[in-house]
Amino acid sequence: MTADSEDPNDGEQYHLEVAPGDVAPSVLLPGNPERVAKVVESWDDHEVVADHREYRTATGEYDGTPISVTSTGIGSPSAAIAVEELARVDAETLLRVGSCGAIQEQASIGDLIITTGAVRQEGTSEEYVREDYPATADHRVVSALVAAAEELGYDYHLGLTCSTDSFYAGQSRPGFEGFEASGSDERIEALRAAGVLNFEMEASAILTLANLYGLRAGAVCTVYANRVTGEFRTAGERKAAKTASLAVDYLEQMDEAVEASDADHWHAGLSVERE
């Protein structure tokens, strides 16, 4: 049995400093705590409920729908902590909101990439489950993100993401003084040939843990770099946040449509209409 001193389940969480009632059922997960202020710009209202280390949490409403945002910091280890502690305070839906580097030419700077599944090129999720367990996005979340991107008129791409533990060597970038990790060129080419769209550092851990814990999750990232064309530019910084916020509103309507029908799960036959 775990000693009480090692059990963070009850009350305020050790890292996030949130408690039951502080967060909405749906939580957006940017990496940078400074992005929280940008995420909430399109909301009806919000209140910062916790701010500790890399974890800043705000809760409010978007078009009348309860919604929260928690920054995770960089990488899967800190993102996994956020998932663990948000689950303990009753979060149900987690949407990774971030930036990424595209490895396919058709994904232009400022486009969105909506993740359907992720290559687990990070070590955190392997500490939870065998390495061949798939990191898949919830189909309802993916549908809501697509609907939101369509409504907002954003260019987007739908497909596979690779999550890494390193911004440099793990994403086949040169390190200090041109250092090149063994096999880095072959790795990025193999991923590109397999149709993987982008690199980032948190999605696969978030998706894996969400599936293990019976939560639903997805990811949407704005392209800042294209590794084929060599472009690197911050553009469309707020697109992912606006798309994810609107997706939460869609998800509430989709859930209501399922409850009003005889269906067990969301499917294309159930229509969603926005006012």
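Trainee: How many salt bridges does the structure hold?

Mentor: Some conventions come before the count. This is a predicted model, in which local features need pLDDT of at least 70 and side-chain atom pairs count only at pLDDT 80 or more, while totals for chains, interfaces and linings use all residues. Residues are numbered from 1 along each chain as its sequence is written, and side-chain values use heavy atoms, with hydrogens and water left out. Side chains of opposite charge can pair when their charged atoms come close. A salt bridge is counted when a side-chain nitrogen of Lys or Arg is within 4 Å of a carboxyl oxygen of Asp or Glu. The structure holds 10 salt bridges.

Trainee: With which residue does Glu237 form a salt bridge?

Mentor: The partner of Glu237 is Lys38, and their closest N and O atoms are 2.8 Å apart. Glu237 lies in the loop between strand 11 (231–232) and helix 6 (239–260), and Lys38 lies in helix 1 (residues 35–39), so the pair ties together parts that are 199 residues apart in sequence. Helices (H or I, at least four residues) and strands (E, at least two) are DSSP runs, numbered from the N terminus.

Trainee: Is Glu237 buried, exposed or partly exposed?

Mentor: The terms refer to relative accessible area: buried is under 20%, exposed is over 50%, and partly exposed is in between (1.4 Å probe, protein chains only). Glu237, at 26%, counts as partly exposed, and Lys38, at 29%, is also partly exposed.

Trainee: Which residue forms a salt bridge with Arg140?

Mentor: Asp255 does, with the closest N and O atoms 2.4 Å apart. Asp255 lies in helix 6 and Arg140 in helix 3 (residues 139–152), so this pair ties together parts that are 115 residues apart in sequence. Asp255 is buried at 19% relative accessibility, and Arg140 is buried at 11%.

Asp255 also forms a salt bridge with Arg216, where the closest N and O atoms are 2.7 Å apart. Arg216 lies in strand 10 (residues 216–226) and Asp255 in helix 6, so parts that are 39 residues apart in sequence are tied together. Arg216 counts as buried at 16% relative accessibility.

Trainee: Where is Tyr213 placed?

Mentor: Tyr213 is in the loop between helix 5 (203–212) and strand 10. At a relative accessible area of 36%, Tyr213 is partly exposed.
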